[in-house]
Amino acid sequence: MEKSRYIRLSNSYYNQGLIYAKQRDLSACISCLKKALYLNKNNIDARNLLGLVYYEIGEAAQALVQWVISVNLKPDDNVAQRYIRSVRDKSGELEKVADDIKKYNQALMNLKAGNRDLAIMLLARVADFAPNYINVNLLLSLLYIDNEEYSNAERYLKNVLDVDRYNNVARNYMQAIKEATAVNRKKKREKKRLKNTYSHRSISDDEVIIPKGYNDSIGWQTVLNIGIGLLIGAASIFFIYMPADRAKMTDSHNKELTLLGEKLNESNLKINDLTNSSDELKAEIDRLKESMNTVDEETADKIAQYQLLAGMIDAYKSGDYTNAANLYAMIDADKLIDIDDGSGVSAKAIYNEVSGYMTSEGDSLVMSLGDSAYNSRNYELAIQYYDKSLKLNPANSMALFKKALSYKQLGDVQNANAFFEEVIEKYPNSEAASSARLERGY
Amino acid sequence: MIDFDEELKRFIPSLEISEVEDSIVKNDINDINDIIMELLRKQAKEQY
């Protein structure tokens, strides 16, 4: 065949593909466009359209491959350049699609390893934010069909059919669901019918017929009696035993806390002279926890603050200033008991001593933890760290901006925009505000 | 009815963004014209 015939045939396939694309029969469209390119690799329109369709069904990497090849074949006046730019330049878009693809592939690996629940969890997370990612929705619906969760399966199949109207796999799955639900309905009807059927089984001589009424009344009366007994027992514990015990324990706890405070003082906990005091603190806390069965919330809270303080001292001592800053940010200074017996050293004083360093350096250290979490795509954790950084330094505009970015990555546009606006309003001349304006499209 | 294991075999991993570059380099973008030209070249070589 002459070259021009191939080109003509390629164009025919392209035209057919275009018709399918307009009808949203994307599976058929892809098939036509691949044939078009097989006949003529320089069919730029077919290649660009193929990229578009790949992008539409969630296969962003495949789309980029086609567009880059297209630009290489025809560098000038090529719409593929605009497509590539729009994916690359839209903030967070490339990272999001890369993450979605990774999760899908991870889910496939999990299924191979037999971790079905994990696979479902990963796929559901992607499908909820990327309902056009066909393979994810199909796989998820398959898993739900196998679990007989037909309504869930249907939901994700509808996503597929919204994007690719005549997707064969989705239609087959829908048909399977219809058949399965019809069978289930039939079984339920049969079961209901049998329940009402009277049994003609004959009674033998040594069987005793128990009157119906007697059984029923014994049943609910027994339950009632047991319930009353439980109530009386619970009331007696609550009104008689617990107040006495609580008073005794509170008194004992307060004594223990005072002892703890004295131990802090005794071990001379100035930051510059740290010794094994944090170990002793920890041992004391462990012993307290073991001896207590019930702790009122306030006391438990105070002990938790001591634990954080001990942990912070530990981290500071070993030079892990990032962790020390992180723990410092978690301490609620209002709940730290200021036990000052005249020696001039107290838990609050220790806390205040590190405050100077923490407020000047700590926020950057904790923000770096947030950055690590962000780069690992753990956006919820990143937000927690950025909040801690802001607690240490409320004027950290970059932490606020990064918090907004993290919300954006989670798809929470409302919160993201609110925090971007806050950055712009409070710190208009900062680098963070410039970035925030870009994000908001100003 | 759907055979889960058979259906699962249809699903192959998606190309990742980090693999785009490799994929472009390895991409066989020969069309039928290139294949025929290659065959003709081979034929001509064998003849002469």
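Helices, as counted here, are DSSP runs of H or I with at least four residues, and strands are runs of E with at least two. The views below come from a predicted model.

**View 1. A repeat span of chain A, residues 10–43.** This span is 79% helix and 0% strand. Its end C-alpha atoms lie 7 Å apart. The UniProt record, an unreviewed entry, lists residues 10–43 of chain A under "repeat: TPR", along with 44–77, 363–396 and 397–430. For residues 363–396 of chain A, the end C-alpha atoms are 8 Å apart, and the span is 79% helix and 0% strand. Chain A as a whole has 19 helices and 0 strands. Its length is 442 residues, of which 42% count as buried. Among contacts in chain A with a separation of 6 or more, 55% join residues 24 or more positions apart.

**View 2. The interface between chain B and chain A.** Here 24 residues of chain B are in contact with 40 residues of chain A. About 2,800 Å² is buried between the two chains, and 70% of that is on carbon and sulfur atoms. B:F4, B:F11 and B:I17 supply 24% of the area that chain B buries against chain A, more than any other three residues.

View 3. One salt bridge joins the side chains of B:D34 and A:K41, at 2.8 Å from N to O. On the side of chain B that touches chain A, the elements giving two or more residues are α1 (4–10), α2 (20–26) and α3 (32–47) of chain B. The largest share, 5 residues, comes from α3(B). By type, the residues on this side of chain B are 15 nonpolar, 4 polar and 5 charged.

View 4. A:A60 sits in helix α4 (residues 60–73) of chain A. A:A60 counts as buried because its relative accessibility is 3%, and the cut-off for buried is under 20%. Leaving aside neighbours within four places in sequence, A:A60 is in contact with A:Y54, A:Y55, A:V97, A:I101 and B:I17.

**View 5. The salt bridge between A:R377 and A:D99.** The closest N and O atoms of this pair are 3.8 Å apart. A:R377 lies in the loop between α15 (347–375) and α16 (379–392) of chain A, while A:D99 lies in helix α6 (residues 93–112), so the pair ties together parts that are 278 residues apart in sequence. A:R377 is partly exposed, with a relative accessible area of 31%, whereas A:D99 is buried at 13%. Salt bridges that share partners join A:D99, A:K103 and A:R377 into one network.

**View 6. Salt bridges within a helix.** A:R193 and A:E190 form a salt bridge through their side chains, 2.8 Å from N to O. Both lie in helix α10 (residues 168–195) of chain A, 3 residues apart, about one turn of the helix. A:E190 is partly exposed, with a relative accessible area of 37%. In chain B, the side chains of B:E6 and B:K9 meet in a salt bridge at 3.1 Å, N to O. B:E6 and B:K9 both belong to helix α1 of chain B and are 3 residues apart, about one turn of the helix. B:E6 is partly exposed at 44% relative accessibility, and B:K9 is exposed at 61%.

Terms used. Residues numbered from 1 in each chain as written. Chains lettered and ligands numbered in written order. Predicted model: local features only at pLDDT ≥ 70, side-chain atom pairs only at ≥ 80, totals over all residues. Heavy atoms only, no water. Contact = heavy atoms within 4.5 Å. Buried area = accessible area lost by both parts, 1.4 Å probe. Salt bridge = Lys/Arg side-chain N within 4 Å of Asp/Glu carboxyl O. Nonpolar A, V, L, I, M, F, W, Y, C, P; charged D, E, K, R; others polar. UniProt positions renumbered as here; feature names shortened; annotations may be inferred. Buried < 20%, exposed > 50% of the residue type's maximum accessible area, 1.4 Å probe, protein only.
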